[in-house]
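This briefing is for a reader who is meeting the structure for the first time. Please look over the sequence and the model before reading on.

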Amino acid sequence: MEFSSGGGGGGIGGSSGDHHDASDPHRRKKRYHRHTANQIQRLEAMFKDCPHPDEKIRLQLSRELNLHPRQIKFWFQNRRTQMKAQHERADNCALRAENDKIRCENIAIREALKNVICPSCGGPPVTEDPYFDEQKLRIENAQLKEELDRVSSIAAKYIGRPISQLPPVQPIHVSSLDLSMASFSGHGLLPGPSLDLHLLPGSSNNISNLPFPTMSISDMDKSLMADVAGNAMDELIRLLQTNEPLWMKSTNDGREILNLENYERIFPRHNNQLKNPNIRIEASRDSGVVIMNGLALVDMFMDVNKWMELFPTIVSRARTVEVISPGMLGSPSGALQLMYEELQVLSPLVPTRQFYFLRFCQQIEQGSWAIVDISYDLPHQENQFASSCKTHRLLSGCLIQDMPNGYSKVTWVEHWEIEDKAPIHRLYMDLIHSGLAFGAEKWLSSLQRICERYACLIGTSNSTHDLAGVIPSPEGKRSMMKLAQRMVNNFCASLNPSNGQQWSTLSGSNEFEVRATLHKSNDPGQPNGVVLSAATTIWLPIPPENVFSFFRDESTRPQWDVLSNQNPVQEVAHVANGSHPGNCISVLRALNASQSNMLILQESCIDSSGSLVVYCPVDLHHINIAMSGEDPSYIPLLPSGLTISPDGKLDQERGGGGGASTSSNTGGLGGRLSSAGSLITVVFQILVSNLPSAKMSPESVTTVNNLIGNTVHQIKAALNCTSSG
């Protein structure tokens with residue numbers, strides 16, 4: 001039986017029967033009839049008394065009126081809907097009439113005010129309304145003028161045109177961003193009797209995490225950011241696609257560097273005349289092939305956490321402050337973000353570069369994306385950075401183009417304005433001034449190496465091997481690679497703690513100086529407690545590739561690892577991380593060691609910009625967990641290691657001498673640079689206490705100095721560099 005609802009003034013009843021066969025080609029027609037006047041009268045009377053009848057009342061009405069209970073239910077539902085609509089119409093009419101009345105009164109009052117004359121002076125009367133208060137108007141005028149001046153200076157600095165040419169302030173939409181161009185405990189790395197690290201009472205306030213500053217971004221700032229990003233993208237595309245006269249080959253090392261005279265002529269800026277003579281420019285360009293498709297690279301660049309994983313040796317800290325535009329229809333094209341970043345050289349002797357910047361992504365054409373970064377000064381944030389160098393990232397970024405077989409061609413541009421507030425350390429002066437420390441070659445070579453590592457992580461069965469079948473499955477190899485990656489990331493982060501703690505000099509001499517810092521560790525996968533990081537940097541007249549080969553060779557380890565007690569080590573497992581044989585993960589076992597259940601997890605990596613050897617003691621139980629393919633996220637790691645980089649000096653500066661070969665074999669790294677000298681940073685991390693507060697005693701300082709000093713002397717002795725400074 002079917003029923004249809006009916007209205008209050010003439011309800012529609014349902015019909016029963018008339019069942020048709022399913023094969024009937026004609027659609028079954030429903031028969032409708034109106035309720036009788038008597039039925040409607042009875043229903044209306046009941047509605048006045050009870051608009052929401054319960055089931056008992058509906059059954060009673062059904063018997064009295066000869067209607068089905070569902071018909072009764074539908075009639076009351078429709079009647080309530082009609083009443084609600086009638087009330088809403090009546091309210092709307094009343095409000096509309098009231099609104100019209102107020103509008104007319106407002107117009108009449110305005111017309112009357114136009115004709116009011118002050119009887120004493122003949123002018124308009126002075127109102128006592130606070131909105132027209134003269135003092136308030138002056139304050140508002142000063143605030144608006146200050147805001148206008150600030151925005152005008154930013155516009156002239158970034159956009160190159162006055163504020164009058166800016167678009168009107170409006171909320172940011174995606175369309176406004178479119179562009180026309182498409183160790184062992186015996187190794188002393190865990191607390192034990194071999195290290196005399198006494199703790200002094202008292203709280204150490206410098207090891208707590210510093211909160212990230214919060215800020216409010218106005219709609220005017222967002223509109224300005226969109227304009228800055230759009231103009232920056234146009235300029236970046238020209239820099240990427242133009243060779244001469246913007247770019248030229250360096251006569252020293254063959255790198256592509258920016259012709260500053262032609263650049264300033266083609267892209268004039270309003271503040272050139274105010275340029276500080278102490279500011280120096282770093283500008284370089286490089287291109288190469290990367291083993292990753294373009295869209296995957298773009299997604300990693302626009303995700304701040306993946307961005308940090310791509311460049312652990314360069315990016316020490318990064319955060320997305322605000323997403324100005326998320327992109328178009330789920331695509332990264334059109335995405336605009338305000339970000340904060342700290343960039344580092346892996347040595348405590350070099351200050352970090354800290355800055356806010358805009359990152360804008362745009363798809364140029366099918367399979368081609370451009371990503372631009374440009375510094376952006378936020379209001380009231382000018383003097384927030386305590387770094388000894390003031391950095392401004394001018395137009396930087398990259399062009400990512402898809403290639404066959406899942407590869408990409410990446411063209412990278414780096415452009416910086418740097419003002420050093422303090423002298424650069426003598427060891428790193430040449431490397432920093434040459435632009436190699438943060439240049440395009442550094443970024444691109446690091447990206448190529450990390451993408452090779454990701455490719456090996458995905459296809460471990462083709463790129464890994466181990467001795468005597470120690471690692472039983474591809475899952476086990478991937479788990480070992482993830483564990484080693486976390487170890488390397490932890491090591492790089494230890495050189496620039498995110499808690500804002502500065503390095504303190506423990507000792508200094510003409511030969512080397514030791515610096516240290518304390519920080520609290522409570523992250524999963526790290527030992528809980530206070531960790532001491534100590535480091536020193538030395539120069540050796542040996543090519544970086546030769547130094548790297550020496551450190552990664554397990555047969556020479558007893559010559560420099562003072563904590564191994566000259567015990568030889570044996571490689572029991574090996575996982576390849578790239579085409580270069582030096583990019584690998586090793587599990588080492590010390591022979592004749594007192595603790596046979598402790599192993600050394602080590603990862604070594606090298607590219608044309610430098611190399612790393614990072615190691616950490618891991619007990620046999622945790623190694624077995626990782627090798628079995630289980631999640632290695634909570635295996636505790638406290639890594640130490642060495643970083644090796646070129647010294648930035650050209651061979652001819654040393655006259656081809658210096659006790660080292662002037663030819664530098666890159667070993668298939670694809671680099672054009674040649675360096676006869678190396679900068680080596682030795683880093684130790686030591687868990688000194690499980691207590692939340694700790695402080696180094698004089699005995700602790702002596703122990704750390706002896707540990708690093710003996711390591712440096714053994715390295716120099718093994719490499720026949722005892723006389724080098």
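The model is predicted: local features need pLDDT of at least 70, side-chain atom pairs count only at pLDDT 80 or more, and totals for chains, interfaces and linings use all residues. Residues are numbered from 1 along each chain as its sequence is written, and side-chain values use heavy atoms, with hydrogens and water left out.

**Whole chain**

- Of the 725 residues in the protein chain, 50% are buried. Buried means under 20% relative accessible area, exposed means over 50%, and partly exposed lies in between (1.4 Å probe, protein chains only).
- The protein chain has an accessible surface of about 35,600 Å², and carbon and sulfur atoms account for 51% of that surface. Accessible areas come from the Shrake-Rupley method with a 1.4 Å probe, and for residues only the protein chains shown count as cover.

**Salt bridges**

- A salt bridge is a side-chain nitrogen of Lys or Arg within 4 Å of a carboxyl oxygen of Asp or Glu. The count by this rule is 20.
- One of them joins the side chains of Glu441 and Arg255, at 3.5 Å from N to O. Glu441 is in helix H10 (residues 440–458) and Arg255 is in the loop between strand E3 (247–249) and strand E4 (256–258), so this pair links distant parts of the chain, 186 residues apart. Glu441 and Arg255 are both buried.
- Arg359 and Asp373 form another, with the closest N and O atoms 2.8 Å apart. Arg359 belongs to strand E8 (residues 353–365) and Asp373 to strand E9 (residues 368–375), so the pair ties together parts 14 residues apart in sequence. Arg359 counts as buried because its relative accessibility is 1%, and Asp373 is buried at 4%.
- Glu475 and Arg478 also form a salt bridge, their closest N and O atoms being 3.6 Å apart. The two are 3 residues apart in helix H12 (residues 474–494), so about one helical turn separates them. Glu475 is partly exposed at 44% relative accessibility, and Arg478 is partly exposed at 26%.
- A network of salt bridges links Glu341, Arg359, Asp373, Arg393 and Glu414.

**Glu414 and its surroundings**

- Glu414 is in strand E12 (residues 408–420) and is buried, with 1% relative accessibility.
- The side chains of Glu414 and Arg393 are joined by a polar contact of 2.6 Å. Such a contact is a pair of N or O atoms within 3.5 Å; within protein, one must be able to donate a hydrogen and the other to accept it, and residues adjacent in sequence count only if both atoms are side-chain atoms.
- Beyond its neighbours within four places in sequence, Glu414 has contacts (heavy atoms within 4.5 Å) with residues including Glu282, Ser396, Phe438 and Trp443.

**Strand E18**

- Strand E18 (residues 584–590) is largely enclosed by the rest of the structure, because 6 of its 7 residues are buried.
- E18 pairs with strand E17 (residues 569–576) in the antiparallel sense over 7 bridges; pairing requires at least two bridges found by DSSP. Ile585 in E18 is the bridge partner of Val575.
- E18 also runs antiparallel to strand E19 (residues 598–607), with 5 bridges, and Leu588 stands opposite Ile600 in E19.

Definitions and conventions. Helices (H or I, at least four residues) and strands (E, at least two) are DSSP runs, numbered from the N terminus.
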